[in-house]
Amino acid sequence: MPKYRPVATGQSFVKLEEDIVQRWRERDIFHESVKRRADAPLWVFYEGPPTANGLPGSHHVLSRVFKDVFPRFRTMRGFRVDRKAGWDCHGLPVELQIERELGLKNKHEIEAYGVENFNNRCRESVLAYIDEWNTFTERIGFWVDVDDAYFTLTNDYVESVWWSLKQVFDKGLLYQGYKVVPYCPRCGTALSSHEVALGYKDVLDPSVFVRFPVKGQEGVSLLAWTTTPWTLLSNAALAVHPDVTYARALKDGETFILAESLVGRVLGEGAKVVETMPGSALTGTAYDPPFHYITDYGPRGHTVLEADFVTTDDGTGIVHTSIAFGEDDFRLGEQYGIPVINPVRPDGTFDERIEEFAGRFVKDADPDIIKALEREGRLLRAEQYQHSYPHCWRCDTPLLYYAKQSWYVRTTDYRDELLANNASIDWHPEHIRDGRMGDWLRGNVDWALSRERYWGTPLPVWQCDEGHLMAIGSIDDIRAHGGEPPQDLHKPYIDDVVLNCSHCDAQARRVPEVIDVWWDSGCMPFAQWHAPHENQEQFDRHFPAQYICEALDQTRGWFYSLLAISTMLFGKSSYETCLCLGLMVDDDGQKMSKSRGNIVDPWEVLNTHGADAFRWYFFTSKQPWDGYRFSMNAVGESVRQFMLTLWNTYAFYVLYANLTTPEERGLTDVDRWIRSRLAATVELATERMEHYDTTTAGRAIGEFVDDLSNWYVRASRRRFYGPDGAAFATLHECLVTAAKLVAPLTPFIADEIFDNLDGSDASVHLCDWPQSDGRDVELEWQFEVARDAVELGRKARAEGKVALRQPLREVVIVAGDRERAAIERFAGLVRDELNVKQLRFVGQADELGHWELKPNYRALGPRFGKRMPKVAEAVAGLDAQRAARTLSQGGTVGVVIDGEEHPLSLDDVQMVLQPLEGYQVERAGTHAVALNLELDDELIREGLAREVVRAIQNARKEAGLNVEDRIALTLGGDDELVGAARAHEGYVAAEVLATQVSYDGDVAGAVAEIKGRELRIAVQRTA
Ligand SMILES: [Zn+2]
Ligand SMILES: [Zn+2]
């Protein structure tokens, strides 16, 4: 009965991980890991809720594994980490998907279909893929409590959100304003500024310069510029800056009025300024508008007004104003008493007032409007103008700036508190605080809260016929005002609830709007518990969160909504640390999208490389906010570079531990070294993981595993055949501790290794995080020195083109006293790794050869000019060895030219070390080694014996023997090869586990070719 389960190699990790998923489920490890810490201090993580109306993509793996890794780490560090899952259920994206499914084109069609049916479809769709999400979540190893998830559509959640809105209402922060808002005509609703920020795109728009003829002055026009020709149809006024200098400029017999500084740019050559005046002098000038559909703008309509917002950065310095379609325009209208006349319907088409354009979508009408301007002689010039313009972040329609009534939350009252609370957040990366988030908060505008839509949290404001407003904060509140709460708090049912006005005798009805879905998700700290209506103590214990993590674009989404709501309600940020994730692009740097066809299906990755490889890639290839050039291949790299190294080392251990019973031995220096490296890795990984840095922590663990495999095991291989108990104990310790260190990062492989090698608990994820056993820094340094010598020696071998199996006489190493002691401590390892008979030390690099000096023409040429040949001659005449020593110690040597002595320094000469005859020298920095490449018969025979061993090992494998099988060996064939084997028979027999060796020139068996000679090998398993 072997001690450990046998370990297969050369297979993918997919099947193994699927088995482990099963094991975790059976042993209920996740819940157990939380239960074990029931009384431990809490460490709080908030799940930013995704919407389950589509299948998860690869970018969801990114965010979900970063949400997983630190809760796992903190649990091992002794904290209790409750991880409540959550689902974002409301909002425009959900509605849009249903509109597409039902083939509905606008709000009229939704209402004809029926709001009740429509919302039922929305409700079903947000839960449609929950099972797929849960399977996916489990498969990638994201431990989150899906059995206890919150859903933003439940009455409980809605009721908590209502509570928050009543707080805001009672503080006087909720108001209804007539404002110009960014508006999506397709979705039929206004967008908040953070939604607008999500959809900027570079587009080409028309740019037109238009004549506005001055009334009563033949041949004189005010000249204005716009990039939205469709707004000219409702032109109401022109605006000038009172302090800017304007000019009357004559061109081709026509007079234009525009800012003096822009005359050249706008009118070009040949324009002549005939008169200048301040903008204030133009005030009141009446003009003839380009179109006459709307004329009732009052006494100040179609005249020149003064406005401070006018600049001369572009255009003409005269701004065309259409009250309903711009924030500045709107305010100007208020100031001068010009009425708001909005001839654009909510669907973005002109209404019947705009006769010939009625029914056309405004932006589509631009070309015909330009033609009309041209026909009427109003157009001076039309061009294309490239600028960044906001589009609806969900349906991609260009937004209109549009005057309408909306509900707002006065977040601007809290700008200073928002900035102060932002400053208290530990941002990763740090620059988000003053950069992206700080900029956003400094430019804060009131939160446009309402949406004229259907599937969302209803705005809990009721209004009576007298215009009194009241906010409802709970279901009980409805009853208290004489209403009957519906079973479902959504539209349309809630709209039937009639309440008694709290200010008068009249009855109050709910306003029709629902709220911005971002407000929902920003309420999750309390709404996930249904606080304050119940579970208040749960909320108190879980507020604020220690950690949240989402993509960088959530700065203006969830990160903002969490911060804004908790600042207004609780006076502080709802999260302490925020990790921002960058964008994923394909391996050509292209954004991933369906239309490009470059989306990588996460299941394809999971079913090819597995979840650990996927996770390792995200954790270690980059700092997560730098973004990823993602491909299947990139994930495959983590398998090759890390997973296989760890796995093969583990498999090696299990194989030999099952074969032998280790005998007690003392630790060697190599054991002590790898144990110290382990301690160093524990210390660094702990410190970095505490600082939310998986990149450095993961890479440090990767380097340790590399050292373990490529240095420790390699150098100790024979001890495992030994069997040397100290080597087994050391490797066991290293593997089990490494499993604990990688448990948060690659939870599957970690658990498998732990389960097989240790098994003291049901899972590695129930273990405590490892502690450092203390380092021996001097020993680590000494090993580094020895390793440098080996690496230089290997390079020398490669340069000298001598196979590693060929033993060499000696290696000469340049070393000071301290380095020499270091290398001597690991002399056995250095000899083995370089396959040399002896080490020799010298104090100076020049003992590895002799120096040749040449003048450095670049340095000396300018100094000596025509005398350079004499300088070259003098340098050649120097005692090269002595001069080289002086120069390399920073001294100077003198050369005499034409009877005058000139000092030369290291920069003035080139020093070339010519190696000793028969040696290959390699240098790096102050390190240097020389390998003696001269071979004699003895060394050649030994080299051949090693080749013979390799050939026999291959023959064993081909014969299907196990590593522990003993054999009877018979060799035949080439005399030299057989002779070499005979000469080193003891060595050969020990290496290939031969209990008897015989020689037979005619033996039948495997044929191996070694250096053009033939060796015949027969192996026979013995009892
Ligand atoms: Zn839209
Ligand atoms: Zn009232």
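Cys-464 and Cys-501 are both buried, and buried here means under 20% relative accessible area, with exposed over 50% and partly exposed in between, using a 1.4 Å probe and protein chains only. This is a predicted model, in which local features need pLDDT of at least 70 and side-chain atom pairs count only at pLDDT 80 or more, while totals for chains, interfaces and linings use all residues. Residues are numbered from 1 along each chain as its sequence is written, chains are lettered from A and ligands numbered from 1 in the order in which they are written, and side-chain values use heavy atoms, with hydrogens and water left out.

Back to those cysteines. What coordinates the zinc ion (ligand 2)? Cys-464 (SG), His-468 (ND1), Cys-501 (SG) and Cys-504 (SG) do, at 2.1 to 2.3 Å. Donors are N, O and S atoms within 2.8 Å of the metal, or 3.2 Å for Na, K and Ca; water is not among the atoms, so sites may look incomplete. The angles among the four donor atoms are 104 to 114°, and the site is tetrahedral, a label that requires all angles of four donors to lie between 85 and 135 degrees. Along the chain the donors follow the spacing C-x3-H-x32-C-x2-C. Cys-464 in strand 18 and Cys-501, in the loop between strand 20 (499-500) and strand 21, are 37 residues apart, so the pair links distant parts of the chain. Helices (H or I, at least four residues) and strands (E, at least two) are DSSP runs numbered from the N terminus.

Now the strands around that site. Strand 18 (residues 461-464) pairs with strand 19 (residues 469-471) in the antiparallel sense, over three bridges; two strands pair if DSSP finds at least two bridges between them. Val-461 has Ala-471 in strand 19 as its bridge partner. Four residues lie between the strands of this hairpin, where Gly-467 takes a positive phi near 90°. Strand 18 also pairs with strand 21 (residues 507-510), antiparallel and over three bridges. There Trp-462 stands opposite Arg-510.

The partner of strand 16 is strand 14 (residues 400-409), paired in the antiparallel sense over two bridges, and Tyr-408 stands opposite Ala-448.

On to the helices. The axes of helix 24 (residues 694-721) and helix 27 (residues 777-800) come within 13 Å and cross at roughly 90°. Axes are lines fitted to C-alpha atoms, for helices over the stretch in contact, and angles run from 0 to 180 degrees between N-to-C directions. The two helices are therefore roughly perpendicular; that term covers 65 to 115 degrees. Asp-707, Trp-711 and Arg-714 of helix 24 meet residues of helix 27, including Phe-783 and Arg-787, where contact means heavy atoms within 4.5 Å.

Cys-122 lies in helix 6 (residues 115-127) and is buried, at a relative accessible area of 0%. Not counting residues up to four places away in sequence, Cys-122 touches Val-94, Glu-95, Ile-98 and Trp-455. The C-alpha atoms of Cys-122 and Ile-98 are separated by 6.4 Å. Thr-227, in the loop between strand 6 (220-226) and strand 7 (237-240), counts as buried at 14% relative accessibility.

Conventions:
Four donors count as tetrahedral if all angles lie between 85 and 135 degrees; four count as square planar and six as octahedral if opposite donors are over 155 degrees apart and all others between 65 and 115; anything else is irregular. Angles under 35 degrees count as roughly parallel, over 145 as roughly antiparallel, 65 to 115 as roughly perpendicular and the rest as oblique.
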